[in-house]
Structures are given as structure tokens and as C-alpha cells.
Amino acid sequence: ETSVDLRTHLWSVIISIMAEPAAKRAKKEEEAEEAVAPMKKEAEMKEEAAAKAPEPEAPKDDEAEEDSPADKSPKIKGSVTFLSKDTTMNVMPSSYGNILVPLTDGGLQYLLAGARASVGVKSGRYMYEVKVIEDTSTAEDPQVKLKVVSRHMLKLGFSMDTASLLVGEGDQAVCFDSEGTFWIGKEQKKTVAKKFGSGDIVAVLLNLDASSANCLTVSLFVNGKRACKPQALPENLVGKTLFPCMTFKNISVHYNFGPEQIEPLPFTCRMLQTASAADVVVKLAPAASAKPEVLFPVFLPDEGTFDWLDMFLEEHPDYTELSDRAILRWAELSGLVRPKGYAARTCNDKPEYSFGIPTMDDGSIRKTLMSVAPIQARNYVIMEVRANLLKSERAELLARWTGAGFKITANVMMGDPPSSIKEHTHAILLKDKQAVSDADFKKKKDEEQKKREAAKKQKQLEKQRALVLKRQKKAAEKARKKLENERKRKEAEAKGEEFVEEEETAEDDKEEEEKEEEEEAAAMDEEPPQVELSPEEKAQVYLKGSTKDLIDYAMNTSFPKFTIPTKDEGFDSVAFEWLKEAKCRAHLKDWVQAKKTTTRIEDLKPGDWFAEKSKDWQKLLASWHAKSTSYKSGIAKKAAEKAAKQAKKVALKAQEERKKALEDKKAAAVAAEKAAAEKVAAAGKAAGEGEEEEAVVEATPAKEAEPEEAKDAAMEEAEEEPEPEEDTNAFDKIDVYGVEEVLDALSGEPLFSRFGFEDWALMSLRAELHLLAHAFTRDVDDPDRGGMHVDHVGFYYQKYFKRPLNHKLYGVDTVEELMVFLRDTVVVSRKDKVLEPQVPDDFESQGIFIMLTEEARRDRLRRVDLGDDTAKLRMQQAGINGVAPLGSRSTAPVNPKASGAWQQPKPGWNKW
């Protein structure tokens, strides 16, 4: 009440503050805090008082139960006890003294123990007693304590025969726990009694007596005194047969079904052992001569294994599942925390535990249960998907049960399943599909409802506005009429006439309530649509969950050794449920054959043939790299020498041109002097001048007749013999597959002289995949395997060459696209998608890979020259270092996504 008053006051203060101007808010907030402080203090005091309040006291002096009348009707025969099938595997009953002890070794101390009695009550009033006699807790790692919900626990009550052995799971049981809390199924109702524990004698009374005031109730008594008022049974348990049940953890309990009580109650009440036969249902123990059964289901992985198991256990609740899945389920019901959650599993057959608890995670709990199982007379289902298919592991499992008094049966279920399996699959698919449809329908309806409510609210606002306007108009009309009537009355009085005021028509101003529209009602009552399975879903035989039965490694290393069990192995019988034996064996053979094509071999090891061939290839590749480097160095040297000579020739030519220019200048000067002399001679006509002129003329030719020896020597030195013209297309005209020696394809030029880094990379990959494909066939040595599946090329490449094959570095998205580059060496078969080598493993010369690469290079360049942009490679040189000689550059590239990266080799390339 204080909390409600506090919230109400706070809201009123908040509303008032929001309505106030900003200047007054600070003052209002202070007043609010002062007003709320006493109420907060009072609320805190009440909470502290509630926390310190004493536990509920037992009711006094209001006992409505009466003494049980004498009953001479026939009583039940035999003792009320706990049958093995109605206890969890960690419950060990004592041979005398009626004591139940839980196992606490190998991780079992973290799991709950449960037991249900062999006699159930359907009418009358009966009780049983339990006493905690020992705490069986063991030493624990301090870190483990943080992951365990509770170390000790005891729940006592009644449940149906079909309920879980762990009380509190499902809605078929009621109980009281040691904390005094009353439970109805999973729901924790309330604390109704004081705690009870070691040394206390606890009695649970079930009243189904129609003549009693407390009929259809269950009560708790501690040490002979009522601990709580009678608690009503839920409706789903009314009219059902209810069996005494208990769930406990790390404690030993003594149970007493009668005939006498250990601690008398305030009234007499019959113990269950003295029950009338007409009031109870007795479950009989199996006959001593009847052997319990150990069932080994044999399934192929992911073919309905656990679906069948769930159906079988539902039809045969007296069978106990022995599997890792069952242990995880048990741990979940025991409240054990799993960091990743219980839905996260790598597989169904051997899911990892991952509790962070050593004795749980290391498999100790499973070993303990397998050791205990043969000494408990109950029926078992050994759900081991992989182990039940392997003869060696079946032998290990059978060794535990041989001679233990069990009937050992193998049920082989392979091939086309019966209609019950298909119907079960379709029912679950339909249920899940309907749930999704219902959720979508509800979401859609909720959205529509919100829109209708918003529209309705808007309509109400508009109606309110209209009503206000109507009232305002009516008030104005009324005022006008009043004034009009007053005027008329005065006029009538002045004339001496009697004025009769018009009566106002009474109008109902009451706002009419809006009725729900029929469409809205119809929409609210509309049922979700019923879904149907699609043809693809109807064709589905097994449920396809996100978790496989086996992890890939376990599957890949085991399936070639899968076999069908025989009686010779130690089975008492081998039943073939779905197909007859011959058809089962044929189905298994076909399944294994198909699996070999698509499944990789995890433990495959490279053989000696591959090691030798790979070593030889690396040596040969290194020699080709050296030859490529040497040839390119020689070419570079010749080019440098040629360039030097050309530079020298150019320099001499320039020098000659300068010398000729100088001589031409001198000749011009001489000619000018001669012309001047001739002019002087013509003017003077003197003899002496004539002689001087002759001497000058004679001297000039002598100067022009300079010897040409130095000039000729320089020219001869600069002259060189003309080099023969090279045919630049001669190399491209060579028949690639006609070359006898790849290191000397044309005048000492190797066939790989024009390779860029991408050509070297593809050439190396050709040779490596050639070796890989042949080595795989040799090392597997299995004629049933058609070859290496294309999806596993990367896996085997890593295993053989000790480095990853990153197809993305070659500019493709998948390995299969990469194989298009190399289809002259290996091809992917259309049917099985396996690699088929095109070059024999005993081919004489490895030079074939150079030929294939050169032919592909030429075809690529031709396509690029023709404008085919799809012929351009997208390779990354940085990620493929080491496959090409230093200095190799890229040539024009091919996109394998195009329909054909290059043409197939010319006929006759493989004539060798």
C-alpha cells in the first residue's frame, strides 16, 4: 500500500512540476523530495521488516482432518517400494532399512536423484514419511560452487506415473521442498511452511476422500505437527492416480510407507502400505525369470536416429536412455549452468559438455553410469550412433553386458522408414510451420489493432470537438431565444395580451456511447489461418536440424568401417525393422559408396611415391627458374651491348657532322678571300700584285688538300657489320607440342621465355594438381573412390604440400572455377564432381606442363587482342610469390567465369 501511495504521490508531483513554469520547478522539486522522504523511509522500514519476518507458522487449532475409520476391505499385497525403472540411475536403494542413497562420484554429485513409488493413490486418504539421515556432500573446487545452483535439496510430493522422475519438471506433480515452498509442476507457488532438514521426520498426506472437508488437497507435516494448511491439487491432477515421489540431491533418506508411523499425527491416518486395494494402483515388479533388455539401435547418421528414439521412449517409458544427450538433459533438469546454453551442440551423438566442471567435462560421469548400469535391473537403450555402427566399438559395449543377465538386442533400422516415422516428421514440420504462421498472424493483428485503436481515439476526439461546438451553439441559441421571448413578452404586456412562452424541445445532450463496429468484432474473432505442408516438405522423410548426429571428423574417419551387427558378435537377436537383412546390407553399401565420393579422408597420409615425385618436381622447377633467369640476363646483356654500340655510332656521326661544318666554314672563308683577290687584281693590273695573287692562289689548294687518313680510321672504327634482321613472330609460329627440348625452342630461347608470373603460377599449379590427383589414388588405394572431390581439393592440397591453396588469389570465387584454368591437366567430372587427371602419372617429360601453359598463354593473348575483356586474369602476385623466377612480369590475364578460359590443346599434344 505504501508503494502504491508513493507512486501516486510521485506522479502527482511530476505532473504538477511539468505544468509549472521553469522558474518554479527547482522549488517544486525540493518540496517533492521533502514530501517523499518520509514515505520512502517508511517503505524501506517495511521491506526490512518483511525480510526479518519469521517463517510461516503452522496453523493451530484448526485441524479439519479426522481420524481414519476402520476399514476391513482387502488390502494391497506385497510391499510398497521403488522399482528400478522408476528411479534415476544415481539412486542406490539399501538392501534393508528402506534407505535411498545417491551416487556422488564422477560428477553425479551435481545431478538430482529421483524416485517414484510402486503404488499410486486414486481415492481415499493416505500418507508416507521421509527422514533425512545423512549429508553425502563431497569436497568441491571453490570455482565449481559458483556454477551449481544448490548443493543439497529435497522435494517430497505426489505425481502421475507418466511424470518426470525429477519432481518439478512438467505439470504432472505437486510437492513441498526443504525450504517450505509448495510447487505445482515447474511453478513455485509460495512458501507455506518452515524449513526442514537433517533429523526431521516429514510426512506428506494426500486426501482424495470425497467425504472429507480437505478432499483434493495435499498437506505437509514435520515431526508430527502440521506444517502448513492443506494445499489444493491443480485441476489437471484431479481424478488422476498419484504416486508418492521424491527428488533429492547429496542427501540420504529413509522412507516409510507403513504399516506404522514413525511420528504420530494429531489424528490417525492410514499409511500407504495399509491401503485398500480398491483405492490404489499397484505396479508389479518384473518376474524374476524375465530378463531386462539392452537395446542397440543401429541407424545411419542423420536418418531419423533421435526422432525414432523420442518416439520409442514415449511408447516405452520403462526404457532408460543411455547417451550423452540424456546426460545433458539430466544436467539441465538439475539446474546445472552451462555457459553456452543447452541448445549449443557440435553434434547429437557426442555433444561436448562444456560445464567448466572437470568431472563432468572429462567424461567421468558417463563412465560411472556405464559401470552402474549392468547392476540395475532395468531396460536400456544404448544410443550410440557411431559406436553401434563399428564392430570394434560394439564389442567394447557388449563386454559390459555379457553375463549380466540382460537380453541383448540389436535393432537395425536402415533404408525407407515406416509410415510412422514419416508421419512423425510431417507432424513436427506442420506444428513448427503453424507456430511461425500463428506468430506472424498475431503480429499482423496486433498492428491492425493498434491502427484501429488510434483511429478510434482520433474519432472520439473529433466527436468530442463536435459535441463541444454543438453545446456552444445550443447555449447561444438558448440565449437568443431567451432574449426574443423577453422582447415578445414586453410587447404582449404593452398590448395587454397574454404571452405564452414556447416550450423548449428537450434534447438529449448525453453523449452516445460508440458501439463496436461489426467489422472490428469480426476481426477480433478471426482465427489464424491453417497452414499446409508444401510438396517439398511432404517429401521430407527425416527432420533436418541444425545439428548433425556426428561431427565431420568422426563421420569421415569412421563411415568406411560401418557394418551391420550379427549374432556372432554376442547379440541374442538382431532385428531388421525397416528392411530385410539383404536389402539393409545393400543399402549400407550404396550409402558408403556415395559417401566416399563426397567425404574427405581425415587421416590420409602422403605416400613415398608423392614424396619422391614432389622432390623431383621442385628440383626441375628450380632449374627452369635458373634457366629463365640466365636467358633473360643474356638478353639483357646483348641489349645493353647493342645500345652501347648504337650510342657510340651516334656520337661519331655527330663528331663528323661538326667537323664537316667546320671545313665548310673554312672553305667559305677561302672562297671569299679568293674573290677579294680577284677583285684587287682586276683593279690594279700591276705585275707585282699578279705574282702575289698567284702565290696566294697556289697556297690555298695546298691547305684544302689535307690528308683523309684520320677521318677514314675513325669511320672504320665506328662502322659495324649490319646485324641480320630478326623475325619477331618466329617464336609465336613455333608448334608448342612439336618442340623437342623446352629449354631450346628456338636458337637457344626456352619455351617459357615469354612467361609472366601468372603463367609460372598456373604452370606450377598444373604440375602440383597432377601429382595430387595421382598420389591421392595411390594412397587411398580404394577402387570404390572415384577420385578427389572438387570441394576437398584445398584440404588435400594442404595435407600434401603443407601450405594452403587460396583460390581467391587466382581471382576466382571457388576451387571449381579455378579448375577451369587447368582443364588441360585435370578436369572435374560432371557426375560426381571429382578430379580426373588428363596427363598419365608415368609421363616421360615434365615439360608437358610448360607446353600446356605456353599454349594457354598464346590463346589468352589472342583473345585479349580481339577485345575479349573476360580473358583478363585477376591474379594477385603478392600472394603467389615463390612460383615464378625473380623479375617475372604479368602478361595479359583470363576470367574463368567466361564460357571457356581458353581452347583445348591441339590434337596430338599427348601423343607421347
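Modeller: Quick term first: buried means under 20% relative accessible area, exposed over 50%, and partly exposed in between (1.4 Å probe, protein chains only). This is a predicted model, where local features need pLDDT of at least 70, side-chain atom pairs count only at pLDDT 80 or more, and totals for chains, interfaces and linings use all residues. Residues are numbered from 1 along each chain as its sequence is written, and side-chain values use heavy atoms, with hydrogens and water left out.

Colleague: What makes strand E11 largely enclosed?

Modeller: Six of the six residues in E11 (residues 217-222) are buried, so the rest of the structure largely encloses this strand. Strands here are DSSP runs (E, at least two residues), numbered from the N terminus.

Colleague: How do you know that both faces of E11 are covered?

Modeller: Thr217, Ser219 and Phe221 on one side are buried, and so are Val218, Leu220 and Val222 on the other. In a regular strand the side chains alternate between the two faces of the sheet.

Colleague: Why is E10 called a partner of E11?

Modeller: Two strands pair if DSSP finds at least two bridges between them. E10 (residues 201-208) and E11 have six, antiparallel, so they pair by that rule. Ala203 has Phe221 as its bridge partner in E11.

Colleague: And what joins E11 to E12?

Modeller: Two antiparallel bridges do that, with E12 covering residues 225-226. E11 and E12 form a hairpin with two residues between them, and Asn223 in the turn has a positive phi of about 55°.

Terms used. Helix = DSSP H or I, 4+ residues; strand = E, 2+ residues; numbered from the N terminus.
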